[in-house]
Amino acid sequence: MVSSVAMASDPSPLQDFCVADKDSKVLVNGFVCKDPKVVKAEDFFSTGLDKAGDTGKKVGSNVTAVNVNKLAGLNTLGISMVRIDYAPRGLNAPHTHPRATEILTVIEGQLFVGFVTSNTDNGNRLFTKMLKKGDVFVFPQGLIHFQFNPGYTNTVAIGALSSQNPGTITIADAVFGSKPPISDEVLAKAFQVDKKTVDWLQAQF
């Protein structure tokens, strides 16, 4: 009898760095490397996380991302980060990162956070926690999660993600705001509501 163990993870880098060449016409899973001889310190540098984002949107939050699309030096390094600003009663709506685990720490204010497990025989389990300044919470890769500022002052959090380009799928936007729209018959059946309700929800997006 033979047994084996299989392990999966991002591949290890094969060089010190692979700064993204955004001008290359070659399409690969990620970005082609810039010639190391023309790489500069600026390729590993970004500014702006000290500035609050605009929280005047409907949900009252703003995400400022520093990923490979903004910081070319992150290419192949498997990491990125975000600053999230929350107005009083502001929400970072339920969403998922298909390619990354996220670890979040509160810098100022407070947050009510949570994530939902994938489908199991016991249903979808919800884990929640109230965070204050200095507290840390982790959201496992691919699971739906959210953050809500229950207070009456602004909140700021910093998140680190285990991908250079984690991706974000905001659930309500994806389901009710897709283009072209998902059939209202499909959504009415899925959510067990009438088509008028679905049409109203789609109109919000």
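**A chat about Gln-147 and its surroundings**

Me: Which side chain does the side chain of Gln-147 make a polar contact with at 2.7 Å?
Reply: That of Asn-92. A polar contact is a pair of N or O atoms within 3.5 Å; within protein, one must be able to donate a hydrogen and the other to accept it, and residues adjacent in sequence count only if both atoms are side-chain atoms.

Me: What kind of model is this, and how are residues numbered?
Reply: It is a predicted model, where local features need pLDDT of at least 70, side-chain atom pairs count only at pLDDT 80 or more, and totals for chains, interfaces and linings use all residues. Numbering runs from 1 along each chain as its sequence is written, and side-chain values use heavy atoms, leaving out hydrogens and water.

Me: Is Gln-147 buried or exposed?
Reply: Buried, because its relative accessible area is 0%. Buried means under 20%, exposed over 50%, and partly exposed in between (1.4 Å probe, protein chains only).

Me: Where is Gln-147 found?
Reply: In strand E8, residues 145-148. Strands (E, at least two residues) and helices (H or I, at least four) are DSSP runs, numbered from the N terminus.

Me: What is Gln-147 in contact with, beyond four places in sequence?
Reply: Its partners include Ile-84, Leu-104, Leu-111, Phe-112, Val-113 and Phe-139. His-95 and Glu-102 are also among them. Contact means heavy atoms within 4.5 Å.

Me: New topic. Where does Gln-141 lie?
Reply: In the loop between strand E7 (136-139) and E8. Gln-141 is partly exposed, because its relative accessible area is 43%.

Me: What does the side chain of Gln-141 reach at 3.3 Å?
Reply: The backbone oxygen of Pro-98. Gln-141 also touches His-97, Arg-99, Ala-100 and Thr-101.

Me: What is the relative accessibility of Thr-101?
Reply: It is 29%, so Thr-101 counts as partly exposed.

Me: And what does Thr-101 contact, neighbours within four places aside?
Reply: Val-138, Phe-139, Pro-140, Gln-141, Ala-160, Leu-161 and Ser-162. Pro-166 is 65 residues away in sequence, yet its C-alpha is 8.3 Å from that of Thr-101.

Me: Zoom out. How many helices and strands are there in the protein chain?
Reply: Three helices and 10 strands. Along the sequence, the pattern is β-β-β-β-β-β-β-β-β-β-α-α-α.

Me: How much of the chain is buried?
Reply: 32% of the 205 residues. Among contacts between residues at least 6 apart in sequence, 70% join residues at least 24 apart.

Me: What about helix H2: which side-chain oxygen comes in at its start?
Reply: One from Ser-183, reaching to within 3.1 Å of the backbone nitrogen of Glu-185. H2 spans residues 184-191. Gln-192 follows H2, with a positive phi near 55°.

Me: Which residues does the UniProt domain annotation cover?
Reply: The unreviewed entry gives "domain: Cupin type-1" for residues 47-199. UniProt positions are in the numbering used here, feature names are shortened, and annotations may be inferred rather than shown by experiment. That span is 12% helix and 37% strand, with its end C-alpha atoms 42 Å apart.
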